[in-house]
Every structure is written in C-alpha cells, then in structure tokens.
Amino acid sequence: MATQPTHPNAKANILIIGQGDIGQPVTNKLAEMANQSGQRLGHHLGHCSNYRSDYNVTGLARGERHKYDLHDDAGFIQADALKVTAEQLRDFTHIAIIVTPDNYDADAYKNTYLGIAQHIADLSKELPDIERVVFISSTGVYGQNNGEWVDETVAPVTPEREGSIYILKAEQALQQAYGDKAVIIRPSGIYGKDRLMRIRKVKEDNKPAMPRYAWSNRIMDTDLIHIIAQVLTIDKAQLKPLYLATDYAPVSTYELAKWLCEQLDTSVPEIDDSAPVSGKRLHSNIPLAWLEYPDWQVGYQYILKTLN
C-alpha cells in the first residue's frame, strides 16, 4: 500500500535547480503532465498508478526567464543556486538538482556539483517540509575499469577523474544532510538525436584501431527525462535510494562502432588486440516500462531514421 504524503491535502511543490539540456525538459515535462488526467499521466510514466499529479513545478536558473523555453504553467526563480536562500526554498517539498559545469576541469566540477549540493545540504535544517531531494549524479563515480559488472549494490571504487570524485562527494553531502529523503540518479552516457558524437566518429575516413573490449553504457536523453520525472512523482513506498539510469544493454565501443558503420555503409575500424579490457558493464535498476529505448540498437535506429 502506498505511503501517504506528510501533508496529504497539500500540493507538492517541485523545484528544478538547473535549466539546461536535461533540467529544462524535466521542468516542462512535469508542467505538461500536471495538466493531464491521471490515466494519461500513468501512461507517460510507465503505466504506474503510484504517482502524485497534484503538484506545481518551478525552474531555477541564473538567467532571466525569457532565456529559457519554459512551459507557461511552470514557475520560475532567477537565482544563483550557490546563493539561493532558505526563504526562497521554504515552500518547496521536492527539489531536483540537475546541473552541469561551465567547463570540464576539476574546479568547475567542484564549484558546480559539490558547491551546489553542499549549499543545499547546509540549508537542510531550515527546510523542514522537504520530502525529497533528487540529485542527478553520474555513473562516472564508479572507478571500476576492468569490464566489471556493476549494479546498485556495488560501491564505487574511487574514480580516477578528480571531477568524478567531487560528484561522489556531492552525493554524500546530500545523503548526510537529508538521510532517506535524498535520492541519487546516476545516468550513464547520455545520447540522443542532438548528441551525435558516435555517429560523427564512424563517418570519419581515417578511423583509428579500437580495443575489442572497451565497455560502455548509455541512456537516451528523453528516457532520462522520463526517469527523473518519475522519481520526483512516485509514492515514497515505490522509491529507491539509488537509480542507475542506463539502458539494458552494455556494449563495447567497438561493437557499437561496427554496427553504426554497417548501418551507414562506411568502413569498419580495425581491432587493437593489444588493448586491455576497460570500462564497466552497468546493470540497470530502472523499470523496463520507464524506458522507450531499452537498448542502444533501438535508440540508434530511431536516431538514424531522424537523420534520413
């Protein structure tokens, strides 16, 4: 039986911190779904009836509202997430932190992921009505790099990248401050019809040799948006503390490149058999019904059709 919210007659008030390539679509998706009937919402969220549709959603970002293509029914707060006050957050019951650094050096990760998470953690005692804090992390926090299988029960080996260490520290700061109200979503490599790096690479004439077993994992951007919306709206009784937001089919980068080359009728790269096994294979704990693209072939078939 689903757990009742703390204030069963009150609307949930959801804040999305960050209005970038994932945060803004999440805000818009939630605003759109709030206007739909329960039957329609259940369909969008994977045929799950244990969600709440009585909520308001607000986006938070540094720029002015007109710079973001926000749904008319979404609220908006112009603020720096590193400086937002408890007074500005006091009315919210659910907060999602969906941020990316301005660049990819370690200090940017420290200031963005860890800085914002630590700031929200520091405000926890002033936010007694918070029911859920969702942090969009990364599977980069797993330092495993020998082709291991990793599921939600496996603790991360310390990652080599300093930026990933800061993301892991950000998770821990929120968990320490909010306890079981903190929910972590770790997406794998995000791809989509506007994220075409792999396709561009296989179209190159002079392809370098590739290792046979460099394992990789991915999630379609639209599926990630659905996952975040679901995690923000399902009943607490259905909630997990950690989600590995990845599809159901880890694949070596060579196998993916070979398949794409065959689809695009271009030359297949050579194999470098001297390269060691690397990467990791993620075991998704996302309900299959939440995914429109449960494996990379289905996802890339869709993308290739959109390019024709």
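**Helix packing, cores and selected residues**

Helix H8 (residues 253–264) and helix H9 (residues 296–307) have axes that come within 12 Å and cross at roughly 35 degrees. The axes are lines fitted to C-alpha atoms, for helices over the stretch in contact, and the angles run from 0 to 180 degrees between N-to-C directions. This is a predicted model, in which local features need pLDDT of at least 70 and side-chain atom pairs count only at pLDDT 80 or more, while totals for chains, interfaces and linings use all residues. Residues are numbered from 1 along each chain as its sequence is written, and side-chain values use heavy atoms, with hydrogens and water left out.

**The H8 and H9 pair**

- Two packed helices are described by the angle between their axes and the distance between the axes.
- The crossing of H8 and H9 is right-handed; a crossing is right-handed if the near helix is turned clockwise from the far one by less than a right angle, and left-handed if anticlockwise.
- Helices (H or I, at least four residues) and strands (E, at least two) are DSSP runs, numbered from the N terminus.
- On the H8 side, Glu255, Leu256, Trp259, Leu260, Gln263 and Leu264 meet Trp296, Gln297, Tyr300, Gln301 and Leu304 of H9, where contact means heavy atoms within 4.5 Å.

**Nonpolar cores**

- The largest nonpolar core has 40 residues, and Ile17, Leu89, Ile97, Ile120, Phe135 and Leu174 touch the most other members.
- At least two residues of this core come from each of several elements, among them strand E1 (12–17), helix H4 (106–122), helix H5 (162–178) and strand E12 (242–245).
- A nonpolar core is a set of buried Ala, Val, Leu, Ile, Met, Phe, Trp, Tyr and Cys residues joined through side-chain atoms within 4.5 Å; buried means under 20% relative accessible area, exposed over 50%, and partly exposed in between (1.4 Å probe, protein chains only).
- Beyond its neighbours within four places in sequence, isoleucine 120 contacts Ile17, Val84, Leu89, Ile97, Leu174 and Tyr178.
- A second, separate core of 32 residues includes Val57, Val183, Ile219 and Ile234.
- In soluble globular proteins, nonpolar side chains tend to be buried together.

- Leucine 89 belongs to helix H3 and is buried, with a relative accessible area of 0%.
- Not counting residues up to four places away in sequence, leucine 89 touches Leu15, Val84, Ile95, Ile120, Leu123 and Leu127.
- Leucine 89 and leucine 15 are 74 residues apart in sequence, and their C-alpha atoms are 8.3 Å apart.
- Histidine 119 sits in helix H4 and is buried as well, at a relative accessible area of 19%.
- With neighbours within four places in sequence left aside, histidine 119 is in contact with Ala81, Leu82, Lys83 and Val84.

**Aromatic rings and charges**

- The whole structure contains nine aromatic pairs.
- Tyrosine 293 and tyrosine 302 have ring centres 5.3 Å apart and planes at 35 degrees, so the pair is tilted.
- Rings of Phe, Tyr and Trp (its six-membered ring) pair if their centres lie within 6.5 Å; planes under 30 degrees apart count as stacked, over 60 as edge-to-face and the rest as tilted.
- Tyrosine 293 counts as buried at 8% relative accessibility, whereas tyrosine 302 counts as partly exposed at 29%.
- One aromatic cluster is formed by Tyr104, Tyr109, Tyr113 and Phe135.
- Arginine 161 lies over the face of tyrosine 109, at 5.3 Å from the ring centre, and arginine 281 lies over the face of tryptophan 215, at 4.6 Å.
- A charge sits over a ring if NZ of Lys or CZ of Arg is within 6 Å of the ring centre and within 35 degrees of the ring normal.

**Loop residues**

- Aspartate 265 is placed in the loop between H8 and strand E14 (271–272) and counts as exposed at 73% relative accessibility.
- The phi of aspartate 265 is near 55 degrees, a positive value in a residue other than glycine.
- Threonine 266 lies in the loop between H8 and E14, is partly exposed at 25% relative accessibility, and touches Val202, Lys207 and Cys261, not counting residues up to four places away in sequence.
- Serine 284, in the loop between strand E15 (280–282) and H9, counts as buried at 8% relative accessibility.
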